[in-house]
Amino acid sequence: MGECYKNVSEIAGLSRTQVWQRDSLSEAKEDWLADEVPVALVYNGISHVVMMATPKDLEAFALGFSLSEGIIASPADIYGLEIRPSCGGIEVQVELSSRRFMGLKEQRRAMAGRTGCGVCGVEQLEEIGKPLQPLPFTQTFDLNRLDEALSQMNSYQPVGQLTGCTHAAAWMMPDGNLAGGCEDVGRHVALDKLLGQRSQQSGWQQGAVLVSSRASYEMVQKSAMCGVEILFAVSAATKLAVEVAERSNLTLVGFSKPGRATVYSHPERLL
């Protein structure tokens with residue numbers, strides 16, 4: 001990670017490489033790799049977290065992370081946001097309101113994030129189970145619409161289509177159409193990007209989140225923190241994820257595949 005990046009366009013998510021296939025070891029062919037770089041979120045000049053991420057949609061990532069971690073209550077708490085490429089990675093400089101920055105300093109923790117790791121840097125076990133405000137029951141979703149949404153998922157993974165290396169998170173409207181989505185090498189980062197994108201869209205209040213990965217406790221927690229009532233995951237859910245979903249009144253669905261769905265919690269929202 002010693003390369004100095006002069007501008008963000010140089011690391012927009014894809015890199016070329018040479019590969020050799022099993023049946024043709026004597027002939028190299030060109031292929032694509034998904035970029036994975038350190039992204040530091042810096043609040044009012046103080047570095048808070050470094051996450052390994054695909055360097056695209058970083059404004060949405062910073063906004064979504066700030067919301068899902070409870071650093072801010074709404075996008076209005078951010079006064080400015082600037083992306084600064086640097087030697088070894090990218091810094092996202094976030095200017096918080098004075099009140100929110102004081103709150104962050106009180107609970108700030110130093111942590112070095114890794115792809116797919118939700119607790120790196122947590123200093124005490126009690127920090128894992130942060131209290132969540134129980135969600136209301138305002139949303140419903142017809143499971144007959146799920147297959148339509150699944151068929152659209154690949155269109156939000158342009159890097160993934162070339163590399164097979166990214167996760168996606170998308171906002172699913174009640175009619176089964178996907179309103180938007182984000183991808184990243186890290187499933188938590190992809191979800192943060194989507195949550196940040198959703199916070200800027202007034203029409204994305206009705207519906208549910210669909211993720212291409214398993215559902216970990218942190219993904220449930222992030223969704224609940226941002227007021228998402230229904231979370232669909234393509235793969236399984238962990239035991240802790242189900243416990244957090246039950247406690248926060250979130251409807252959690254796993255194994256979301258054509259003609260199939262396993263409901264882990266609060267099925268009353270589903271038709």
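## Helix H6 and its neighbours

The buried residues of helix H6 pack against H1, H5, strand S10 (208–211), strand S11 (230–233), helix H7 (239–248) and strand S12 (251–257). Here, buried means under 20% relative accessible area, exposed means over 50%, and partly exposed is in between, using a 1.4 Å probe and protein chains only. Contact means heavy atoms within 4.5 Å. Helices (H or I, at least four residues) and strands (E, at least two) are DSSP runs, numbered from the N terminus.

So which residues of H6 are buried? They are Tyr-217, Glu-218, Met-219, Val-220, Gln-221, Lys-222, Ser-223 and Ala-224. That's eight of the nine residues in H6, which leaves this helix mostly covered. Just after H6, Gly-227 takes a positive phi of about 80 degrees.

## What you're looking at

This is a predicted model, in which local features need pLDDT of at least 70 and side-chain atom pairs count only at pLDDT 80 or more, while totals for chains, interfaces and linings use all residues. Residues are numbered from 1 along each chain as its sequence is written, and side-chain values use heavy atoms, with hydrogens and water left out.

The protein has seven helices and 13 strands. Of its 271 residues, 49% are buried. Take the contacts between residues at least 6 apart in sequence: 55% of them join residues at least 24 apart.

## H5 beside H6

Two packed helices are described by the angle between their axes and the distance between the axes. For helix H5 (residues 187–199) and helix H6 (residues 217–225), the angle is about 10 degrees and the axes are 10 Å apart. That makes H5 roughly parallel to H6. Angles under 35 degrees count as roughly parallel, over 145 as roughly antiparallel, 65 to 115 as roughly perpendicular and the rest as oblique. The axes are lines fitted to C-alpha atoms, for helices over the stretch in contact, and the angles run from 0 to 180 degrees between N-to-C directions.

On the H5 side, the contact is made by Arg-187, His-188, Leu-191, Asp-192 and Leu-195, and H6 brings Glu-218, Met-219, Lys-222 and Ser-223. What mix of residues is that? In this contact, three are nonpolar, two polar and four charged. For this count, Ala, Val, Leu, Ile, Met, Phe, Trp, Tyr, Cys and Pro are nonpolar, Asp, Glu, Lys and Arg are charged, and the others, Gly among them, are polar.

Gly-196 lies in helix H5 and is buried, with a relative accessible area of 1%. Not counting residues up to four places away in sequence, Gly-196 touches Ala-60, Leu-63 and Gly-64. The C-alpha atoms of Gly-196 and Ala-62 are separated by 7.3 Å, although these residues are 134 residues apart along the chain.

Now for Phe-61, which is found in helix H1. Is Phe-61 buried or exposed? Phe-61 is buried, with a relative accessible area of 0%. Leaving aside neighbours within four places in sequence, Phe-61 is in contact with Val-39, Leu-41, Met-51, Val-189, Asp-192 and Lys-193. Phe-61 and Val-189 are 6.7 Å apart in space, C-alpha to C-alpha, but 128 residues apart in sequence.

## The nonpolar cores

In soluble globular proteins, nonpolar side chains tend to be buried together. A nonpolar core is a set of buried Ala, Val, Leu, Ile, Met, Phe, Trp, Tyr and Cys residues joined through side-chain atoms within 4.5 Å. The largest one here has 50 residues, and Leu-96 and Leu-252 have the most contacts inside it. Helix H1 (residues 58–68) gives the most to this core, with six residues. Apart from it lies another core, of 15 residues, including Ala-149, Leu-150, Ala-170 and Phe-232.

## The six-stranded sheet

An open sheet of six strands runs in the order S9-S8-S10-S11-S12-S13, with mixed pairing. Its edge strands are strand S9 (178–184) and strand S13 (260–265), each pairing on one side only. The twist averages 20 degrees from one strand to the next. Two strands pair if DSSP finds at least two bridges between them.

S11 and S12 pair in the parallel sense over three bridges, and Val-253 in S12 is the bridge partner of Phe-232. S12 and S13, on the other hand, pair in the antiparallel sense over four bridges. They form a hairpin with two residues between them, and Gly-259 in the turn has a positive phi of about 75 degrees. H5 lies across strand S8 (167–172), S9 and S10, running at about 140 degrees to S9.
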